[in-house]
Amino acid sequence: MKKLKLYDWHKAHAKLGEYAGWHMPLWYSSVKDEHLAVRNNVGLFDVSHMTEIYVGGDDALEFLQYVATADVSVPPPISATYTIFLNERGGIKDEGLIYNRGDKYMIVCDAVAMEKLYSWLMTLKGAASLAGDLDVTIVNKTFDISLLSVQGPGAHALAEQLFSINIQDLWWFQCRETEYKGEPILLSKSGYTGENGFELFVEIDPLALWKDLLELGAVPCGLATRDTTRIEAGYTLYGHETLEKQVLSQPYDEYTPLDAGFHLWEFSPIKWEKDFIGKEALEIQKKEGIDRHLIYLELAERGIPREGYTIAKDGISIGEVTSGTQSVITGKGIAIGYSSEGKPGESVEIIIRGEPKKATVVTPPFYDPKKYGAFREV
Amino acid sequence: MKYKIKEGLYYTKEHEWLKVEDGTGTVGLSHYAAEELGDIAYIELPKPGKVTQGGKLCEIESVKAVSDIYAPVSGIVVEVNNALTDSPESINQDSYAAWICKVDIADKKEIEKLMSAKEYTAYVESLT
């Protein structure tokens, strides 16, 4: 099992559990308290299990433009682009962010697919090298870099106090190279909770920084709260909404970015104007028709939807839940899933323990965006 | 020991407690179970009727996961704590007060298979 640099601190303060081969803090006090800290004040997550891969060399951009679906040629000042990595079938290898750090690119994605994504990049590099000279270096930095995520309406005050950076001046995914006690760190305006916040990439021992953030009022939050906040915000997670299958039991038995509706976003991570792996497969799917989509459900009855539960309409299966929990804010059972039908406002059912429970199709987030989240009316 | 283990109750390896009064057994979850589960968000209470020792009694859900609760003794479920439906979190607050159901015990000899508070303390220590 892999250990975070703050493993000893977490062991002394949290209930630990396994995630993607890492010993992770699941919760420190209670999911409810931690979740409310993120929504009402400020929470602090140690998400150092996240994967960081550096891609450098003269041909790094050209290489990444081919392996990522998004246009990653964003100019400095340093910022990140959300992208999908596809296989040739159009299936999702992984999803994540690519930071342009000037002299190199940094891929940041979930821990589950670390080995897989790294070896995929190495394979593609090898294949591309056969076709000609390619100056690309790929380094897995996951075990060197710690990632602390500060989330909530109170996050900006902490950035101000510790780094004299006003995160309100940054646009989403924009970064600043800054310092902490003389050591370089990267501050990124990003997060995974739906709230305003920032994330710190550090190569030093993060203990002093962690303690400073706690001292300033941040509440330590575990992985359970990371999941409840991201589902409440309606964010997808690799391994759930996005997942590559090793073997397909039937054609199209794998969710693609088109099933997920990523091509419909205003700032879509699918850049059709360039060539990328999997593009051909997506174009074929687009032509043949997309027969399922991501759906967001709120239970009208008591219960908690879970991954794998059937979504039905009038007793006939129309889809499947990929993530579910109980919203801490609304107290209702909430779910993300794939379905062949269901528009916002319509009623469907989620089958829980053999019994159909009424659910309403909604538009995320699951909380009132006027009261919670990054765009709340203060 | 960070977990509270109440004297005078019987315990199972699956962390249910049983309080015996005359022929009736009251069933609940131990403090250890409540801590391990984390925030309890939902309970599907047992249906009245026959249960078997070690058999599934009902289901409980924390924010994270669904878990089964097992019957510590065989018998007939005669009463359920309906208050838990609206406030399942009371199990986290005091798992010895937040009882789940009452069972008319079929065979008192089955109680001998359960652990005493002292035995259960040693058992929990072996797990942590």
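Trainee: In which strand of chain B is S62(B) found, in this predicted model?
Mentor: The model is a predicted one, and S62(B) counts as buried, with 23 C-beta neighbours inside 10 Å. Leaving out residues up to four places away in sequence, S62(B) touches L37(B), G38(B), D39(B), I40(B) and A41(B). The element that holds S62(B) itself, covering residues 56–62, is strand β6.

Trainee: How far apart in space are S62(B) and D107(B), C-alpha to C-alpha?
Mentor: Along the sequence, S62(B) and D107(B) are separated by 45 residues. In space, taken from C-alpha to C-alpha, the separation of S62(B) and D107(B) is 32 Å.

Trainee: Is Y120(B) buried or exposed?
Mentor: Y120(B) lies in helix α4 of chain B, which covers residues 117–127, and its contacts, not counting residues up to four places away in sequence, are I5(B), Y11(B) and M115(B). The class rests on a count of neighbours, for which 20 or more other C-beta atoms within 10 Å are needed. Because Y120(B) has 23 other C-beta atoms within 10 Å, the residue is buried.

Trainee: Which class, buried or exposed, does H15(B) fall into?
Mentor: H15(B) sits in the loop between β1 (10–11) and β2 (16–21) of chain B, and its phi is near 75°, a positive value in a residue other than glycine. Since H15(B) has 25 C-beta neighbours inside 10 Å, its class is buried.

Trainee: And R353(A), is that residue buried or exposed?
Mentor: R353(A) also has a positive phi in a residue other than glycine, near 50°, and is found in the loop between β19 (347–352) and β20 of chain A. Because R353(A) has 10 C-beta neighbours inside 10 Å, the residue counts as exposed.

Trainee: Which residues of chain A are joined by a cis peptide bond?
Mentor: The place to look is the segment after β20 (355–362) of chain A, where P365(A) is found. The omega of the bond is about 0°, and the residues that it joins are P364(A) and P365(A).

Trainee: How do helices α2 and α7 of chain A pack, in terms of the class of their angle?
Mentor: Helix α2 (residues 31–40) and helix α7 (residues 223–233) of chain A have axes 9 Å apart and meet at an angle of about 55°. That angle is why the arrangement of α2(A) to α7(A) is classed as oblique.

Trainee: How do the residues of the contact of α2(A) with α7(A) divide by class?
Mentor: From α2(A) come V31(A), E34(A), H35(A) and V38(A), which meet A224(A), T225(A), T228(A) and T229(A) in α7(A). The residues of this contact divide into three nonpolar, four polar and one charged.

Trainee: How many of the residues of α7(A) are buried?
Mentor: The buried residues of α7(A) include charged ones such as R226(A), D227(A), R230(A) and E232(A), and they also include L223(A) and I231(A). Just after the helix, G234(A) takes a positive phi of about 85°. Within α7(A), which is mostly covered, the buried count is eleven of eleven.

Trainee: How many residues does each of domain 1 and domain 2 of chain A give to their contact?
Mentor: Chain A is divided into domain 1 (2–49 + 144–233), domain 2 (51–141 + 245–290) and domain 3 (292–378), and the C-alpha centres of domain 1 and domain 2 lie 26 Å apart. To the contact, domain 1 of chain A gives twelve residues and domain 2 of chain A gives ten.

Trainee: Which strand gives the most to the side of chain B that touches chain A?
Mentor: The contact takes nine residues from chain B and 14 residues from chain A. The residues on the side of chain B divide into four nonpolar, one polar and four charged. With three residues, the strand that gives the most to that side is β4 (residues 40–44) of chain B.

Note on methods. Residues numbered from 1 in each chain as written. Chains lettered and ligands numbered in written order. Predicted model: local features only at pLDDT ≥ 70, side-chain atom pairs only at ≥ 80, totals over all residues. Domains from an automatic or database assignment. Contact = placed C-beta atoms within 7 Å. Helix = DSSP H or I, 4+ residues; strand = E, 2+ residues; numbered from the N terminus. Buried ≥ 20, exposed ≤ 12 C-beta atoms within 10 Å, placed from the backbone. Axes fitted to C-alpha atoms, helices over the stretch in contact; angles between N-to-C directions. Parallel < 35°, antiparallel > 145°, perpendicular 65-115°, else oblique.
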